[in-house]
Amino acid sequence: MTHAATVHSLWTTAAAAPDKIPSPDIEYGQLSPTLIVLGAAIVGVLIEAFLPRRQRYAAQLFVSVVALAAAFAAVIGLAAGDYGTSKARVAAMGAIAVDGPALFLQGTILLVALVAVFTFAERRLDPVAHGNRVDSFAAQAAAVPGGDAEKAAVKAGFTTTEVFPLVLFAVGGMLVFPSANDLLTLFVALEVFSLPLYVLCALARRHRMLSQEAAVKYFLLGAFSSAFLLFGIALLYGYAGTVTYAGIADVVDGQVRNVTPALAGTMGNDALLLIGGAMVLMGLLFKIGAVPFHMWTPDVYQGAPTPVTGFMAAATKVAAFGALLRLLYVVLPGLRWDWRPVMWGVAIVTMLGGAIVAVTQTDVKRLLAYSSIAHAGFILAGVIATTPEGISSVLFYLAAYSFVTLGAFAVVTLVRDAGGEATHLSKWAGLGRRSPLVAAVFAVFLLAFAGIPLTSGFAGKFAVFKAAADGGAGALVVIGVISSAIAAFFYIRVIVLMFFSEPRTDGPSVAVPSPLTSSAIAIGVAVTLVLGVAPQYFLDLAGQAGVFVR
């Protein structure tokens with residue numbers, strides 16, 4: 001029988017048995033937010049390839065802003081069409097969940113990314129170089145720091161406009177991450193949003209060696225955490241014979257009807273389940289920055305370009321907590337007695353560790369990094385509650401926290417001296433007398449981090465601690481309040497330093513930003529105050545969004 005005849009007979013066999021390979025059934029409308037962002041990222045890559053260099057910046061900024069706004073509109077459309085409540089379902093052949101928490105977190109990520117893109121596009125802070133406006137990113141990323149190629153790139157006025165498609169790819173991964181409904185989709189989404197972040201961390205225009213060191217640390221530790229996650233997925237698959245969340249949950253609860261002999265052999269093996277679940281948890285706790293998986297956070301936050309740090313600190317937390325909630329509440333609710341004590345321990349050391357170590361910091365970006373670790377501990381208190389209020393309080397806290405963080409890092413970009421950003425705390429002394437407005441805005445963000453009433457931080461902390469107390473974790477709340485008190489000390493210390501210290505003669509100046517960064521900071525302040533003064537509507541919104549589709 002010849003080769004052609006073989007192929008022909010295969011074709012006829014396939015045609016005779018059409019039900020063997022089912023055609024995939026994709027709900028494009030329900031996946032539209034992610035598809036819009038990833039489509040725009042691909043357009044951004046084409047812009048880099050085909051547009052002349054001086055037109056790229058405007059084109060990339062336009063494409064990014066339009067795509068993120070359109071994707072947010074799509075999320076609102078899905079929510080208005082009741083996909084968050086009564087029509088919640090699993091789309092893309094079981095790979096993606098379209099439900100309340102997914103839509104709420106996707107909306108938050110898209111708004112955060114939209115505000116972050118404004119800070120990425122800022123070009124008025126650094127002095128003009130060779131007649132060209134410059135941004136926070138290296139003139140030519142591939143050039144050796146300080147080498148001839150870099151000098152030539154700066155002289156020619158090059159700008160790294162690739163940061164915009166990289167951000168869009170990262171956002172695309174972050175949109176899938178909290179809505180993934182099987183472990184393989186979770187892993188692919190993790191890689192899709194991590195890899196662009198590794199690159200973005202290395203692109204600082206000033207302090208390039210520090211920036212590249214930060215990127216290498218993040219990449220190596222991120223690779224470790226991905227390996228743990230993947231190994232955990234393999235063990236869970238070995239335990240349950242499936243990677244879908246519902247399938248694993250059924251095996252954990254012992255509700256599987258038709259058990260194959262192969263599956264029956266592994267189903268009784270709880271070691272596979274416990275070790276696999278723990279490893280997947282480790283991968284997610286690394287992304288959250290919980291102790292003891294937090295070692296990358298201060299170094300990476302300090303070394304990365306500040307707009308990237310702000311975006312990463314806000315958006316990655318939202319995506320990772322979404323995935324963590326779905327894993328614990330949908331896949332492993334049957335293991336609650338096993339994972340709650342572990343998460344108690346993680347939450348306690350994260351709250352205390354972040355707050356205590358932050359007291360010793362002398363760099364503003366490292367201070368905010370340790371503060372973000374402490375906040376991860378506070379949010380974990382809501383995760384441990386294992387009640388519907390726990391879910392909704394975590395959603396609210398994530399939305400509130402992300403805008404405070406973005407605003408705070410946007411303010412950090414404004415305080416500059418001859419070497420770029422002046423991040424050492426001693427240089428912030430007397431800032432309130434030099435530029436009262438910038439110092440006052442930063443003080444608002446610090447008070448929100450500290451959880452002072454009438455800021456979003458207070459409303460978020462109150463909701464999370466109340467849910468934890470109602471869920472039987474009262475001792476955790478006591479430790480949380482003590483950690484908050486320790487944390488309040490160093491936030492208020494910075495406020496005292498800014499307003500009650502004498503300004504140094506050689507102190508930094510405050511750059512006048514373009515409307516882009518100004519609007520990012522203004523949005524941060526507005527969200528902080530609105531969620532602090534009138535949080536009820538948003539708490540109700542998070543409450544309606546707090547039900548996972550099973």
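Start by selecting Ile-26, which sits in the loop between α1 (3-16) and α2 (32-50); helices here are DSSP runs of H or I with at least four residues, strands are runs of E with at least two, and both are numbered from the N terminus. You are looking at a predicted model, where local features need pLDDT of at least 70 and side-chain atom pairs count only at pLDDT 80 or more, while totals for chains, interfaces and linings use all residues. Residues are numbered from 1 along each chain as its sequence is written, and side-chain values use heavy atoms, with hydrogens and water left out.

Ile-26 counts as partly exposed because its relative accessibility is 32% (buried is under 20% relative accessible area, exposed is over 50%, partly exposed is in between, with a 1.4 Å probe and protein chains only).

Next, look for charges over rings (NZ of Lys or CZ of Arg within 6 Å of the ring centre and within 35 degrees of the ring normal). Select Phe-158 and you will find Arg-53 over its face, 3.7 Å from the ring centre. At Tyr-83, the charged end of Lys-87 sits over the ring, 5.3 Å from the centre.

Now move to Cys-201 in helix α7 (residues 183-201). Cys-201 counts as buried because its relative accessibility is 0%.

For the aromatic stop, select Tyr-198, Tyr-218, Phe-219, Phe-286, Trp-296, Tyr-301 and Phe-409, which form one cluster. The structure holds 18 aromatic pairs (rings of Phe, Tyr and Trp, the last by its six-membered ring, with centres within 6.5 Å; planes under 30 degrees apart are stacked, over 60 edge-to-face, and the rest tilted). Trp-296 and Tyr-301 make an edge-to-face pair, 6.3 Å centre to centre with 75° between the planes. Both Trp-296 and Tyr-301 are buried.

Then pick Arg-366 and Asp-299, whose side chains meet in a salt bridge at 3.0 Å, N to O (a side-chain nitrogen of Lys or Arg within 4 Å of a carboxyl oxygen of Asp or Glu). Arg-366 lies in helix α15 (residues 364-384) and Asp-299 in helix α12 (residues 296-303), so the pair ties together parts 67 residues apart in sequence.

Go on to the open sheet, three strands in the order β4-β3-β5 with antiparallel pairing (strands pair if DSSP finds at least two bridges between them). β4 (420-421) and β5 (509-510) are at the edges with a single partner strand each, so one side of each has no neighbour in the sheet. In β3 (residues 415-417), Asp-417 forms a salt bridge with Lys-427, with 2.8 Å between the closest N and O atoms.

Finish at helix α19 (residues 456-470), where Lys-466 and Asp-470 lie four residues apart, about one turn of the helix. Their salt bridge brings the closest N and O atoms to 3.3 Å. Lys-466 is partly exposed at 45%, whereas Asp-470 counts as exposed at 56%.
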